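Open the model in your viewer and show it as a cartoon. The stops below say what to select and what is there.

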Amino acid sequence: MQQLVLTVLGQDRPGLVEELSSVILDHHGNWLASNLSHLAGKLAGIVQVEVAEEHLKELQDALQQSPHLEIRIESGDKLANDTPECLNLAITGNDRPGIVQELAAVIRHKGANITHLTSKQQSAPNWGSPLFSAVATVTLPAGMQRDVVIDALESITPDVIVDIES
(Lines give C-alpha, C1' and ligand atoms only; values in the text may rest on other atoms or scores of the structure.)
Protein backbone atom coordinates (compact mmCIF):
# COMPACT_ATOMS: atom_id res chain seq x y z
CA MET A 1 0.00 0.00 0.00
CA GLN A 2 1.16 3.51 -0.82
CA GLN A 3 0.54 6.38 1.60
CA LEU A 4 -0.36 9.77 0.10
CA VAL A 5 -0.67 13.16 1.74
CA LEU A 6 -3.04 15.54 -0.03
CA THR A 7 -3.19 19.25 0.58
CA VAL A 8 -6.50 20.68 -0.59
CA LEU A 9 -7.81 24.19 -1.15
CA GLY A 10 -11.02 25.39 -2.72
CA GLN A 11 -14.05 27.63 -2.37
CA ASP A 12 -16.07 26.06 0.43
CA ARG A 13 -19.58 24.86 -0.28
CA PRO A 14 -21.90 22.08 0.91
CA GLY A 15 -20.85 18.70 -0.47
CA LEU A 16 -17.20 19.51 -1.14
CA VAL A 17 -15.85 16.98 1.37
CA GLU A 18 -18.29 14.36 0.08
CA GLU A 19 -17.03 15.03 -3.47
CA LEU A 20 -13.39 14.56 -2.42
CA SER A 21 -14.12 11.42 -0.41
CA SER A 22 -16.08 9.95 -3.36
CA VAL A 23 -13.13 10.48 -5.73
CA ILE A 24 -10.86 8.71 -3.25
CA LEU A 25 -13.28 5.81 -2.72
CA ASP A 26 -14.18 5.46 -6.42
CA HIS A 27 -10.49 5.04 -7.25
CA HIS A 28 -9.79 2.41 -4.56
CA GLY A 29 -8.28 4.75 -1.98
CA ASN A 30 -8.88 4.71 1.76
CA TRP A 31 -9.21 8.00 3.70
CA LEU A 32 -7.07 7.47 6.82
CA ALA A 33 -6.89 10.84 8.55
CA SER A 34 -7.57 14.49 7.86
CA ASN A 35 -7.59 18.00 9.19
CA LEU A 36 -9.92 20.28 7.26
CA SER A 37 -10.94 23.84 8.10
CA HIS A 38 -13.18 26.58 6.79
CA LEU A 39 -11.03 29.72 6.63
CA ALA A 40 -12.12 32.98 4.98
CA GLY A 41 -14.65 31.20 2.76
CA LYS A 42 -12.22 28.50 1.67
CA LEU A 43 -11.94 24.84 2.55
CA ALA A 44 -8.30 24.21 3.38
CA GLY A 45 -6.78 21.06 4.71
CA ILE A 46 -4.68 17.98 4.57
CA VAL A 47 -5.77 14.38 4.04
CA GLN A 48 -3.83 11.14 4.48
CA VAL A 49 -4.87 8.40 2.05
CA GLU A 50 -3.65 4.91 1.30
CA VAL A 51 -4.05 3.11 -2.00
CA ALA A 52 -2.74 -0.12 -3.54
CA GLU A 53 0.16 0.41 -5.95
CA GLU A 54 -1.91 -0.80 -8.92
CA HIS A 55 -4.45 2.01 -8.35
CA LEU A 56 -1.99 4.78 -7.46
CA LYS A 57 -1.79 6.47 -10.88
CA GLU A 58 -5.55 6.19 -11.40
CA LEU A 59 -6.23 7.91 -8.06
CA GLN A 60 -3.61 10.61 -8.63
CA ASP A 61 -5.05 11.42 -12.07
CA ALA A 62 -8.60 11.62 -10.73
CA LEU A 63 -7.56 13.91 -7.87
CA GLN A 64 -5.70 16.23 -10.25
CA GLN A 65 -8.86 16.58 -12.36
CA SER A 66 -11.05 17.70 -9.44
CA PRO A 67 -12.92 20.76 -10.75
CA HIS A 68 -13.55 22.41 -7.37
CA LEU A 69 -10.30 21.83 -5.47
CA GLU A 70 -6.63 22.54 -5.95
CA ILE A 71 -4.95 19.35 -4.76
CA ARG A 72 -1.25 18.75 -4.21
CA ILE A 73 -0.20 15.12 -3.80
CA GLU A 74 2.89 13.94 -1.93
CA SER A 75 4.06 10.43 -1.09
CA GLY A 76 3.90 9.72 2.62
CA ASP A 77 6.90 8.57 4.61
CA LYS A 78 7.13 5.17 6.21
CA LEU A 79 6.47 5.35 9.94
CA ALA A 80 9.37 4.83 12.32
CA ASN A 81 9.18 1.99 14.83
CA ASP A 82 9.89 4.22 17.83
CA THR A 83 7.17 6.54 19.02
CA PRO A 84 8.48 9.84 20.40
CA GLU A 85 6.85 11.50 23.39
CA CYS A 86 4.19 14.00 22.39
CA LEU A 87 2.71 16.83 24.41
CA ASN A 88 -0.74 18.25 23.77
CA LEU A 89 -0.54 21.88 24.81
CA ALA A 90 -3.20 24.56 25.24
CA ILE A 91 -1.55 27.96 24.87
CA THR A 92 -3.27 31.26 25.72
CA GLY A 93 -1.98 34.83 25.76
CA ASN A 94 -2.54 38.35 24.53
CA ASP A 95 -2.72 38.35 20.75
CA ARG A 96 -0.09 40.31 18.85
CA PRO A 97 1.70 40.08 15.51
CA GLY A 98 4.44 37.45 15.64
CA ILE A 99 3.11 35.33 18.50
CA VAL A 100 2.99 32.15 16.38
CA GLN A 101 6.54 32.80 15.15
CA GLU A 102 7.75 33.30 18.73
CA LEU A 103 6.14 30.08 19.93
CA ALA A 104 7.42 28.11 16.93
CA ALA A 105 10.96 29.47 17.36
CA VAL A 106 11.08 28.50 21.04
CA ILE A 107 9.84 25.00 20.28
CA ARG A 108 12.36 24.54 17.44
CA HIS A 109 15.18 25.99 19.55
CA LYS A 110 14.51 23.29 22.16
CA GLY A 111 14.74 20.61 19.45
CA ALA A 112 11.04 19.79 19.57
CA ASN A 113 8.68 19.69 16.59
CA ILE A 114 5.14 21.00 16.13
CA THR A 115 3.14 18.19 14.54
CA HIS A 116 -0.30 19.79 14.85
CA LEU A 117 -1.39 23.36 15.46
CA THR A 118 -4.84 24.90 15.66
CA SER A 119 -4.97 28.57 16.57
CA LYS A 120 -7.42 31.45 16.68
CA GLN A 121 -7.88 34.99 17.85
CA GLN A 122 -10.89 35.62 20.04
CA SER A 123 -12.51 38.58 21.68
CA ALA A 124 -11.94 38.95 25.41
CA PRO A 125 -14.19 41.79 26.65
CA ASN A 126 -12.90 41.64 30.23
CA TRP A 127 -9.28 41.28 29.15
CA GLY A 128 -8.91 44.56 27.23
CA SER A 129 -7.29 43.10 24.13
CA PRO A 130 -7.88 40.13 21.82
CA LEU A 131 -6.71 36.75 23.08
CA PHE A 132 -4.60 34.28 21.14
CA SER A 133 -5.36 30.65 21.83
CA ALA A 134 -3.81 27.56 20.33
CA VAL A 135 -3.83 23.83 20.76
CA ALA A 136 -0.59 22.24 19.67
CA THR A 137 0.86 18.77 19.59
CA VAL A 138 4.61 18.93 20.11
CA THR A 139 6.94 15.97 19.63
CA LEU A 140 9.89 15.98 22.02
CA PRO A 141 13.39 14.80 21.13
CA ALA A 142 14.57 11.67 22.92
CA GLY A 143 15.45 12.31 26.55
CA MET A 144 13.92 15.79 26.81
CA GLN A 145 11.76 16.55 29.83
CA ARG A 146 8.39 18.15 29.02
CA ASP A 147 8.97 20.97 31.54
CA VAL A 148 11.88 22.27 29.43
CA VAL A 149 9.52 23.15 26.57
CA ILE A 150 6.71 24.42 28.82
CA ASP A 151 9.04 26.67 30.84
CA ALA A 152 10.58 28.06 27.64
CA LEU A 153 7.15 28.87 26.19
CA GLU A 154 5.95 30.53 29.37
CA SER A 155 9.11 32.64 29.52
CA ILE A 156 8.22 34.41 26.23
CA THR A 157 6.06 36.91 28.16
CA PRO A 158 4.24 36.80 31.49
CA ASP A 159 0.83 36.66 29.77
CA VAL A 160 1.47 33.33 27.97
CA ILE A 161 -0.15 30.42 29.81
CA VAL A 162 0.63 26.84 28.80
CA ASP A 163 -1.47 23.89 29.99
CA ILE A 164 -0.92 20.23 29.23
CA GLU A 165 -4.00 18.48 27.88
CA SER A 166 -4.53 14.74 28.07
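**The whole chain**

Start at the N terminus and follow the cartoon: the elements of the protein chain run β-α-β-β-α-β-β-α-β-β-α-β. That makes four helices and eight strands. Keep in mind that this is a predicted model.

Switch to the C-alpha trace, which spans about 55 × 40 × 25 Å along its principal axes. Of the 166 residues in the chain, 33% are buried. Among contacts between residues at least 6 apart in sequence, 70% join residues at least 24 apart.

The accessible area of the protein chain is about 10,200 Å², and carbon and sulfur atoms account for 52% of it. Colour by charge to find 10 positive and 22 negative side chains; the centres of these two sets lie 5 Å apart.

**Helix H1**

Select residues 16-26, which form helix H1, and show the side chains of Leu16, Leu20 and Ile24, all buried. Look down the axis of H1: the buried residues fall within an arc of 75°, so they line one face of the helix. An α-helix has 3.6 residues a turn, so residues three or four places apart point the same way.

Which exposed residues does the face of H1 turned away from its buried side carry? Select Glu18, Leu25 and Asp26 to see them.

Next, display what the buried residues of H1 pack against: strands E1 (2-11), E2 (29-39), E3 (42-51) and E4 (70-75), together with helix H2 (56-64). Before leaving H1, step to His28, which follows the helix and has a positive phi, near 70°.

**Helix H2**

Move to H2 and select Leu56, Leu59, Ala62 and Leu63, which are buried. These residues cover an arc of only 135° around the axis, which puts them on the same side of H2. The buried residues of H2 pack against H1 and against strands E1, E2, E3 and E4.

**Leu32 in strand E2**

Finish in strand E2, where Leu32 is found.

Note on methods
Residues are numbered from 1 along each chain as its sequence is written. This is a predicted model: local features need pLDDT of at least 70, side-chain atom pairs count only at pLDDT 80 or more; totals for chains, interfaces and linings use all residues. Side-chain values use heavy atoms; hydrogens and water are left out. Buried means under 20% relative accessible area, exposed over 50%, partly exposed in between (1.4 Å probe, protein chains only). Helices (H or I, at least four residues) and strands (E, at least two) are DSSP runs, numbered from the N terminus. The arc is that of the directions from the helix axis to the C-beta atoms. Contact means heavy atoms within 4.5 Å. Accessible areas come from the Shrake-Rupley method with a 1.4 Å probe; for residues, only the protein chains shown count as cover. Lys and Arg count as positive and Asp and Glu as negative; His and the chain ends are not counted. The place of a charge is taken as NZ of Lys, CZ of Arg, CG of Asp or CD of Glu.
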